[in-house]
Amino acid sequence: MPYSNETIAATAAYVQELLTGEGSGHDWWHIYRVWNNAKHIAAHEDVDLYIVELAALLHDIGDHKFHNGDDTVGPRMAREWLTKHEVNPEHITHICEIIKDLSYKGAGTSSAMKSLEGCVVQDADRLDAIGAIGIARTFAYGGHKNRELYNPTIPTQLHDSFEAYKASTAPTINHFYEKLLLLKDRMHTKTANQLAEERHAYMENFLKQFYAEWEGLK
Ligand code: ADP
Ligand code: NI
């Protein structure tokens, strides 16, 4: 089947059912926001919107963090779903490649995307990792993993391998330096870049206030 809005609607319903109520910041509403971000960015880019929408919807269905670090589960689940819906095999391969490459893999590593569609989806996902929502998701994830909020005695590490990044159990504030504050300069599209500026400034203000309160200065 070539381009079908029915496939997009069915995919949204499938993902909503799978991820509703997830408690670590990777729930259906994360997907909903990334899907919206992706459509917004795509409107300014010469991309295949069908690929962008399906990849955005399916990008977190089998996240490595919830499958013992196995990053083949997500693309495999997406392939099964899209095959069942008779999506063109070339499109399936493209969508699964985007899902496989999408994840942030550590400060000193590359998570390059092979297509403009992939760049749009990665920007859309990363916008949801920064700003007010990014802060909320990060502390939700930290709680989910039983992490300390902050511990001034544990220094930040800039991981240069995906393995080291995945193995980190550092306090949640460290994640700002390991990932969130680095994303602004790693956006691919102009649209995402502009949106990232304000969200980045909001996080910097948050951190300033956080440290001041930590010492009882505010
Ligand atoms: P990506 O979508 O690039 O693969 P992840 O799924 O790893 O990113 O992370 C999505 C969000 O989950 C992060 O932006 C952050 O809010 C939260 N998160 C992931 N890892 C951590 C961590 N080690 N500490 C705190 N929050 C985390
Ligand atoms: Ni995501």
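This is a predicted model: local features need pLDDT of at least 70, side-chain atom pairs count only at pLDDT 80 or more; totals for chains, interfaces and linings use all residues.
Close-up 1. The crossing in which H5 passes H6 is right-handed. On the H5 side, the residues that take part are His 94, Ile 98 and Asp 101, and they meet Glu 117, Gly 118, Val 121 and Gln 122 of H6. Sorted by class, this contact of H5 with H6 holds two nonpolar, three polar and two charged residues.

Close-up 2. Helix H10 covers residues 190–214, and its axis lies 7 Å from that of H7, with an angle of about 55° between the two. From H7, the contact is made by Gly 131, Ala 132, Ile 135 and Phe 139, while H10 contributes Arg 199, Tyr 202, Met 203 and Phe 206. By class, the contact of H7 with H10 has six nonpolar residues, one polar residue and one charged residue.

**Close-up 3. His 159 is a buried residue in a loop.** The loop that holds His 159 runs between helix H7 (131–144) and helix H8 (162–167). The relative accessible area of His 159 is 4%, and a residue counts as buried because its value is under 20%. Leaving aside residues up to four places away in sequence, His 159 touches Gly 106, Ala 107, Gly 108 and Thr 109, as well as Ala 164, Tyr 165, Ser 168 and Glu 178.

Technical notes
Residues are numbered from 1 along each chain as its sequence is written. Chains are lettered from A and ligands numbered from 1 in the order in which they are written. Side-chain values use heavy atoms; hydrogens and water are left out. A crossing is left-handed if the near helix is turned anticlockwise from the far one by less than a right angle, and right-handed if clockwise. Helices (H or I, at least four residues) and strands (E, at least two) are DSSP runs, numbered from the N terminus. Contact means heavy atoms within 4.5 Å. Ala, Val, Leu, Ile, Met, Phe, Trp, Tyr, Cys and Pro count as nonpolar, Asp, Glu, Lys and Arg as charged, and the others, Gly among them, as polar. Buried means under 20% relative accessible area, exposed over 50%, partly exposed in between (1.4 Å probe, protein chains only). Axes are lines fitted to C-alpha atoms, for helices over the stretch in contact, and angles run from 0 to 180 degrees between N-to-C directions.
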